[in-house]
Amino acid sequence: MSAPAPTLLLLDDDETGRFVLAAMLEDSGYRVTEASSIAGARALLETQAFDVAILDLELGDGHGSDLIPALARAHPHTMIAVLSGRDLEPIPHADTIITKAIEPTELLARLERALTIKRAIG
Amino acid sequence: MTRQILSCPPRLQALWRSAAVDETVSSLRHDLRNKLASIRNSNFYIRRRAEKTTTLLKDDPKVGEFFGLVESELDLCTQLLAVKAAPSPLSAVIVRPLVSELIGELLQSLQLPKSVEVRLASPPAAKLPAAAVPLDVELALFVLIENAVEAAVEAGGGKVSLEERTDKGGFWIDVNSACEPQETQAWLRPFYTRKPGRMGLGLKIAKRLTAGWAGKLELTAANGTLRASLWFPA
């Protein structure tokens, strides 16, 4: 029996970017739940756990990295990927940082690699 | 923006212009990367769906070529966005007086309205050592003070307090002013402003300049007061 599809929380306030990325991720086997704000993501995280969380940083109601400490505490098995339009230094508790406009095959490979490592050590 | 630039000491004006351009370019770069990501991911999705569910790519080889063309053009755009200008020579360290003296000097250039009172609280225990203050740190500090004074003017007058303290392995300069607490994060967004004739880049510029010296800018709000704090490692 094959493993269940990984669940993924996608937080991005750019509607077009989120729509396209969600479609691509779903087509790649993820079960995607979308959030357009930190408040929305917090509400989802109170009731659900995700295998993967992809967090955009610059959001209308705050900075996506503000979610990371609470997310890492409450859901230590969730692989956290930070998505950004800027070049970033490593962020504590983030498993991987993905620059926007990265090659899609590279993005999917990075997610899969980070998820595999997280599951192995988790 | 021009009025803001002209209100600061002449030695900071060129740096402010340069920093405003840097911040604008950075924001454009960020926005373009978002758009390119959507185009790239759409192209990838359509191609993969076409491969999985149709014979389109086999029937018409040009379709595959076009997908490749879009991808290679996107690569070029991404490379162009990655090109960064050389650091501005204006960032060189310039020795300035004590931070508290510097604050006094910056306040003078602002020509404070009578409705605004600025208090510089610097208890002897927290007195900072004499230090060389880089020009861009000076500008970051000026931006914070100017913003706080503007907020006080907008509120019909009031107090702005400035404090120096040492903590967390470094020193802090706090600028406190009246502000609506819910706006704390919004102020750090580029081009966010409620004031006509301004560009809304000041705090973003201050944050960028501070980070260049391994420092940070923090905004905290409580009881109707916004505290903008610059921290630098000792």
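**Note on the chain A sheet and the A–B interface**

1. In chain A, five strands form an open sheet in the order β2-β1-β3-β6-β7, with parallel pairing, where strands are DSSP runs (E, at least two residues) numbered from the N terminus and two strands pair if DSSP finds at least two bridges between them. Its edge strands, each pairing on one side only, are β2 (31–35) and β7 (96–99) of chain A.

2. This is a predicted model, in which local features need pLDDT of at least 70 and side-chain atom pairs count only at pLDDT 80 or more, whereas totals for chains, interfaces and linings use all residues. Residues are numbered from 1 along each chain as its sequence is written, chains are lettered from A in the order in which they are written, and side-chain values use heavy atoms, with hydrogens and water left out.

3. Within the sheet, β1 (residues 7–11) and β3 (residues 52–56) of chain A run parallel and are joined by four bridges; A:L10 stands opposite A:I54 in β3(A).

4. Between the chains, 24 residues of chain A are in contact with 25 residues of chain B, contact meaning heavy atoms within 4.5 Å. The buried area is about 2,100 Å², of which carbon and sulfur atoms give 48%; this is the accessible area (1.4 Å probe) that the two parts lose on being put together, summed over both.

5. Five salt bridges are counted between chain A and chain B, each requiring a side-chain nitrogen of Lys or Arg within 4 Å of a carboxyl oxygen of Asp or Glu. The side chains of A:D27 and B:K52 meet in a salt bridge at 3.5 Å, N to O.
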